[in-house]
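Here is a short briefing on one protein chain. Look at the sequence and the fold first, then read on.

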Amino acid sequence: SFFDMTQARKDELKLKQLALAVEHSPSTVLITDANGNIEYGNQKMLDLTGYELDEVIGRNPRMFSSGETPLDVYQSLWSSITQGREWHGILRNRKKDGTIFTEEMWVSVITDDAGRATNFVAIKEDITERHLMQQKIWKQAHYDSLTQLPNRMLFVDRLNQGISQAKRKHCDLALLYINLDGFKQINDSMSHKAGDELLAMVAERLLECVRESDTAGRLGGDEFGVVLCGSYTRDHIDQIAQRILSACRKPFELEAGVANISCSIGISRFPQDGEDVESLQINADAAMYRTKEKGRNGF
C-alpha cells in the first residue's frame with residue numbers, strides 16, 4: 001500500500017541519516033560480528049589507526065593490541081559483553097605505524113529477536129593527550145622535581161605498602177633516614193645551584209646502593225629515606241648503610257668545584273622498632289639524630 005511505501009522510504013531515510021552520522025562521527029565507531037570479527041569501521045577509526053578499511057574487515061580488534069593493557073581489562077570486557085551487558089573502560093592500543101595511544105571505550109551488544117548477540121558496537125575516544133596530562137600531574141604531585149625520586153607523600157605510601165607486605169609475607173622491612181652532613185656549608189660557600197646539583201647526584205648514588213624493589217625518596221631539604229623490603233638480615237642492612245656512607249663520602253664534582261660531604265643514617269626495623277608508619281619514622285629520626293650527636297658519618 002501507499003502507506004507502507006511511505007513508511008519504508010522514511011525508514012530508509014532514517015537509516016541513511018544514521019549511516020552518515022556514524023561515518024562522519026568525531027568518535028571512533030567499530031562494529032564486529034558475534035565472534036568479534038570486524039564488519040565496519042568509520043572514517044575516524046581509519047584516520048586514527050592509519051589502516052585502510054580492507055586491512056581491518058574480517059580481522060579481530062586484537063590487531064590493535066599494544067601489549068600494554070592489563071589482561072584483566074580484556075577479561076572484564078569479554079565477560080560483560082558475552083553476558084549482554086554494556087562495558088566501559090580504557091585500553092592502550094597500537095596504530096599501524098607502531099605508535100601507542102590511549103582509548104576510552106564503550107561497547108554495546110546488539111541482539112536478535114531471540115535475544116542472541118548478533119553484533120558488538122564499540123564507540124571510542126582518543127584520550128592520549130588527557131592521559132599524558134593526568135600522568136604528568138600525578139608525577140608532579142608524587143615525585144621530587146629536582147632528584148626525580150618519590151617525594152615524602154609517595155615515600156610514606158610506599159612505606160605503608162611495605163609494612164602491609166611484611167605482615168602478609170612475614171618478611172623483613174627496614175626504614176633508613178639519611179641526612180647529609182655539611183650540606184649547608186656547600187649551599188653557603190658555593191651557591192644554591194651547586195647545592196641542587198649535589199642533591200641530584202646524591203639521589204643517583206643512592207639508587208645505585210639499593211635494589212630495584214626497594215624505595216629511595218627525598219623527604220625534603222637534604223634528607224633522604226630508603227625502605228628496604230624483602231629478605232634482609234641485620235648484616236644486610238648494615239652493609240647497605242655502609243655502602244650509602246661510602247657513596248656519600250666520594251667527592252662530588254660540581255660545576256662550581258669539588259664538594260666533600262658525608263651523611264648520618266638512622267635505621268628502624270619492622271616489627272622490632274615499630275609496627276606502623278609513624279613509630280618507624282619517629283625511631284629512624286631519633287636514631288639519625290643520635291648518629292649526628294656521636295660525630296656524624298655513621299649509622
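Which elements cover the buried residues of H6? They include helix H5 (128-142), S6, S7, S8, S11 and H10. This is a predicted model: local features need pLDDT of at least 70, side-chain atom pairs count only at pLDDT 80 or more, and totals for chains, interfaces and linings use all residues. Residues are numbered from 1 along each chain as its sequence is written, and side-chain values use heavy atoms, with hydrogens and water left out.

**Terms**

- Helices (H or I, at least four residues) and strands (E, at least two) are DSSP runs, numbered from the N terminus.
- Buried means under 20% relative accessible area, exposed means over 50%, and partly exposed lies in between (1.4 Å probe, protein chains only).
- Contact means heavy atoms within 4.5 Å.

**Helix H6**

- The buried residues of H6 are Leu154, Phe155, Leu159, Gly162, Ile163 and Ala166.
- H6 has 18 residues, which at 1.5 Å a residue should span 26 Å. Its end C-alpha atoms are 25 Å apart, which agrees. The expected span is 1.5 Å times one less than the number of residues.
- His170 sits in the loop between helix H6 (152-169) and strand S6 (172-181).
- Phi of His170 is near 55°, a positive value in a residue other than glycine. His170 is exposed, with a relative accessible area of 72%.

**Helix H10**

- Val277, Leu280, Gln281, Ala284, Ala287, Met288, Thr291 and Lys292 are buried in H10. Seen down the helix axis, the buried residues fall within an arc of 150°, so they line one face of H10. The arc is that of the directions from the helix axis to the C-beta atoms.
- These buried residues pack against H6, S6, strand S8 (223-230) and S11.
- Glu278, Ile282 and Glu293 are exposed on the other side of H10.
- Gly295 follows H10 and has a positive phi, near 120°.
- Asn297 lies in the segment after H10. Its phi is positive too, about 50°, although Asn297 is not a glycine.

**A cis bond**

- The peptide bond from Phe270 to Pro271 is cis, with omega near 0°.
- Pro271 lies in the loop between strand S11 (262-270) and helix H10 (277-293).
- Most peptide bonds are trans, and most residues other than glycine have a negative phi.

**Asp214**

- Asp214 is in the loop between helix H8 (192-209) and strand S7 (215-220).
- Is Asp214 buried or exposed? Asp214 is buried, with a relative accessible area of 8%.
- The side chain of Asp214 reaches the backbone nitrogen of Arg211 at 2.9 Å.
- The side chains of Asp214 and Tyr232 are joined by a polar contact of 2.6 Å. A polar contact is a pair of N or O atoms within 3.5 Å; within protein, one must be able to donate a hydrogen and the other to accept it, and residues adjacent in sequence count only if both atoms are side-chain atoms.
- Leaving aside neighbours within four places in sequence, Asp214 is in contact with Val227, Leu228, Cys229 and Tyr232.
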